[in-house]
Amino acid sequence: MSSEPKSPTPTPGDTYKGWLFKWTNYIKGYQRRWFVLSNGLLSYYRTQAEMGHTCRGTINLATANIVVEDSCNFVISNGGAQTYHLKASSEVERQRWITALELAFDTGNNSDDSCEDGPSAPPASGHGGGRTLDIQSTLRTLGSKVEDLDTCNDLIVKHGSALQRSLSELEGIQPGADVGDKMRQVTERATLFRITSNAMINACRDFLSLAQNHSKRWQKALQLERDQRVRLEETLEQLAKQHNHLERAFRGATVLPSSNSNPALGSKGSLSGKGDSSDEDDNNVFFDAMEEPAEFITVPADPKYHRRSGSNVSGFSNETGMDDLSVNFDELSVASSPESPQSLELEPVRQRRTRIPDKPNYYLNLWSIMKNCIGKELSKIPMPVNFNEPLSMLQRLSEDLEYFELLDKASKCQSSLEQMCYVAAFTVSSYSTTVHRTGKPFNPLLGETFELDRLRECGYRSLCEQVSHHPPAAAHHAFSEKGWTLRQEITLASKFRGKYLSIMPLGAIQCMFAKSNNHYSWKKVTTTVHNIIVGKLWIDQSGEIDVVNHKTGDRCHLKFAPYSYFSRDVPRKVTGVVTDKDGKAHYVLSGTWDEKMEFSRIMQSSKSENGAEGKQRTVYQTLKAKEIWRKNPLPEGAETMYFFSSLALTLNEPEEGIAPTDSRRRPDQRLMEDGHWDEANAEKQRLEEKQRTVRREREREVIKAAQTPDEASTQEPITDSPLKSPHQDSHQALWFEKTDDAQSGETLHVYKGGYWETKDSGAWDMCPDIF
């Protein structure tokens, strides 16, 4: 760097200059710009020669937020339209800039606090710096009075002990002895005790008078602050209403241009457009969804609800829900339970792998492949492995168990409403692994299976099987020693629309708890992959989920808000309300599907006035929110390993004793993971052609058999099942059978048993040859 500062830690107030790379748009990418930091302002120019006449942009650091993304990248945003995505040439250079920016930020804020009324103006009485100085002076005075009281107390104790000794000696003197000296000693010490006592009384009087005087002033000041806060809240509410009205009026009267900033994913997964509103950022495209008004709002409940008696602890799991100590109590119960995995584990568990080969950087002309696919079903389009990640859809389905601890905790709940909170958080957690996962999983072959045996480590086992090919459908069954069972059947319907790809999961998910016999069911929301042709891929989840307890009638309505350029809410926001069978709300859930979820117990609810749209909103008064789920951090180097989580890294790890149809045995998937993409593409075509050949042969056999009248009446319909075992019906999968669920009314494939027993015996003869 030609003008690189020599000192890595510039002093506050110094001008700091240097070259940085600034994100402009998806066509130009990062461009080299000359940045100047001076007097709390960060400005940039295209060249150093422009410093005298043309500034391309300036951001005030006093109100800015600085976020470090990785070793070289960082983001500066002032919370408004200005956002700079910057990249330094090295980690050392990035740290120098961060240090300089933080010093400028601290200096600017300190300057604002100390010079609010001007450098020569004295602080107003009772406000700002004057009040601070007054409080500090009063506290010093009270501190000196307390020291005087401590001194008087020490003297009283000293002189009181001496007087007591003199009185004891006087009582023990022999008759006829000279008592004059003893009487004088007692008199002197009594005088000293009286003087010290008077000093203590005077010191107490002074302290009490000072405290009373300042107490009145502080109470008056506190009341003024409270009144001012109420006025500010009322003013803010009026401004918010006016802003909302003006914004909607603007939307109704203005046609927005089609080119604006793009809400692409940053390296941390935030849906914020890179770049600011300068003249460089005019080529970005964004997908926006109109913001809808919130159905409800939450406010803190009256403090009286926070005062809990000792009886509330014993009544932790009651019919009205958890109290303030629910999360900590549950964690303690899990840690101390004699059934916990720590107490049962007697031998070391298997060490799972923590890395896979890095993803190769292969170029592929996406448009040449996708331009002929618009409007077609994605599952019917032959795609090269360049679009994939080295996992199958069955393995992706098993990743829903990443946060199985939520179901473990749910199984311990005594109240169905408490349990609903954990089940709802579990439904949201299954999307956290998708935020960076833009790769397409392998389509499973018909009859393909995947087992996830974590009985020793986590107390659960999971099995998936591809039970249909067109449309593709996978059945999943998981059971835990902690008393819960999860099963789901997912069919994916997908449409490519050129600009984005929509994936609509069909089918139901069910969770049953053995202890309470509670039976929950829900369905997944729509996943949208944006910027398919041009730009950086980013993923959004949108839609609504109703988690229903079919036994009690409890319900949790979750809403995944779609990304909106105009929304003031955080991206990927999820909100939900837990209600009982009568529709009474008990809990509010809020958070994001890529980071964390919190829940709050509802104490009161009321209806607000009609808004601008004529709709009533519900106002819930809640206790303090508690975190119920947080996403696990990605492993180190995840960006080079397809952004896999720690669990995902282990899913394709080779294991002994698994079925011949297990996804780990797929040769094309294994070749891709090892970095041999050309060989993987050839193997993928071979497997797909083999599957088509088997299907055509099966159809010919059915047609041939149908030509015999006696056999035609008993011939089964054409199905996707590749099984040829005499013990299996041709319309059934190997480990699952289709049945109607009495509780939810859904028809789905349910695990019929036998897999784990077959694994123990090692007799896999009934498995079809699909690889």
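F643 lies in the loop between strand β25 (626-630) and helix α11 (646-651), where helices (H or I, at least four residues) and strands (E, at least two) are DSSP runs numbered from the N terminus. The model is predicted, so that local features need pLDDT of at least 70 and side-chain atom pairs count only at pLDDT 80 or more, while totals for chains, interfaces and linings use all residues. Residues are numbered from 1 along each chain as its sequence is written, and side-chain values use heavy atoms, with hydrogens and water left out.

Although F643 is not a glycine, its phi is positive, at about 60 degrees. With a relative accessible area of 26%, F643 is partly exposed, a class that falls between buried (under 20% relative accessible area) and exposed (over 50%), as found with a 1.4 Å probe and protein chains only. R572, also not a glycine, has a positive phi of about 60 degrees, and its place is the loop between β20 (555-560) and β21 (573-579). R572 is buried, because its relative accessible area is 4%.

In soluble globular proteins, nonpolar side chains tend to be buried together.

E683, in helix α13 (residues 677-706), counts as buried because its relative accessibility is 17%. Not counting residues up to four places away in sequence, E683 touches P667, D668 and L671.

On the surface, I135, L139 and W218 form a nonpolar patch with about 250 Å² of accessible area together. Patches are made of residues with over 30% relative accessible area and no salt bridge, with like charges joined within 9 Å and nonpolar side chains (Val, Leu, Ile, Met, Phe, Trp, Tyr) within 5 Å; a salt bridge is a side-chain nitrogen of Lys or Arg within 4 Å of a carboxyl oxygen of Asp or Glu. Accessible areas come from the Shrake-Rupley method with a 1.4 Å probe, and for residues only the protein chains shown count as cover. W218 lies in helix α3 (residues 180-253) and counts as partly exposed, because its relative accessibility is 32%.

Methods. Contact = heavy atoms within 4.5 Å.
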